[in-house]
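Hi everyone, thanks for making time this morning. I'd like to walk you through one model, so please have a look at the screen.

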Amino acid sequence: MSDPGSSAERSLGQLVASATAEMSALVHDEIALAKAELRQDVKRGATGGIAISIAGVFLLFSLPVFSFAAAYGIHNLGLGLAWSFLIVGGAFVLLAALLALLAVSKFKKVKPPEKTIASAKETAAVLQNVKPHPRAPQELPVDAVPALTKR
């Protein structure tokens, strides 16, 4: 007698249940892969978003500083308190530019979930090549044919 777990002795229901379980596991694994890739890209996007937000805040802070510096500069027409405001304003603009460059570099690293897309395409290709089990054509009973055509 052969092994009871062999596919020759498994019923159609067991085969369908096994195929369904394997398909479910495959789908769950692909979803987990997509989540992992997206989580990584969300972290990169969040870092870039925070950096660009901070750059915007620094740029906003620089506007009143430059305004005060220009007003004091025109008023004094010399080196005085206004130059110190200009130096601080320039530092804010420099920081904003550096953070904007950091944000752009982080945004460029965000990519689509390539592994998930490739895995899904591979699964779809395998499933398209699956052929149903060959069966002998079944004939309908003679009295069933008029029932189908009465509609």
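Let's start with Lys 108, which sits in helix H2, residues 81-108; helices here are DSSP runs of H or I with at least four residues, numbered from the N terminus. Before I go on, a word on where this comes from: the model is predicted, local features need pLDDT of at least 70, side-chain atom pairs count only at pLDDT 80 or more, and totals for chains, interfaces and linings use all residues. Residues are numbered from 1 along each chain as its sequence is written, and side-chain values use heavy atoms, with hydrogens and water left out.

Back to our lysine: is Lys 108 buried or exposed? Lys 108 counts as exposed because its relative accessibility is 67%, where exposed means over 50%, buried under 20% and partly exposed in between, with a 1.4 Å probe and protein chains only. The C-alpha atom of Lys 108 is 9.5 Å from that of Gly 48, although 60 residues separate the two along the chain.

Now compare a serine. Ser 62 belongs to helix H1, residues 12-76, and counts as buried because its relative accessibility is 1%. A polar atom of the Ser 62 side chain lies 2.6 Å from the backbone oxygen of Leu 59. If we leave aside neighbours within four places in sequence, Ser 62 is in contact (heavy atoms within 4.5 Å) with Gly 89, Phe 92 and Val 93.

Next, the core. Which residues make up the largest nonpolar core? They are Ala 51, Ala 55, Ala 96, Leu 99 and Ala 103; such a core is a set of buried Ala, Val, Leu, Ile, Met, Phe, Trp, Tyr and Cys residues joined through side-chain atoms within 4.5 Å. H1 and H2 each supply at least two residues of this core, and H2 gives the largest share, three residues. Again leaving aside neighbours within four places in sequence, Ala 55 is in contact with Ala 96, Leu 99 and Ala 100.

Last stop, the lining of the largest pocket. Its residues include Leu 33, Arg 44, Lys 109 and Glu 114. H1 contributes the largest share of that lining, five residues, and helix H3 (114-128), like H1, supplies at least two. What is the make-up of the lining of the largest pocket, by nonpolar, polar and charged residues? Three are nonpolar, one is polar and seven are charged.

That's my tour, and I'm happy to take questions.

Terms used. Polar contact = N/O pair within 3.5 Å; in protein donor to acceptor, adjacent residues only side chain to side chain. 1 Å grid on protein atoms, 1.4 Å probe; cavity = no way out; pocket = protein on both sides within 12 Å on 5 of 7 lines; lining within 4 Å. Nonpolar A, V, L, I, M, F, W, Y, C, P; charged D, E, K, R; others polar.
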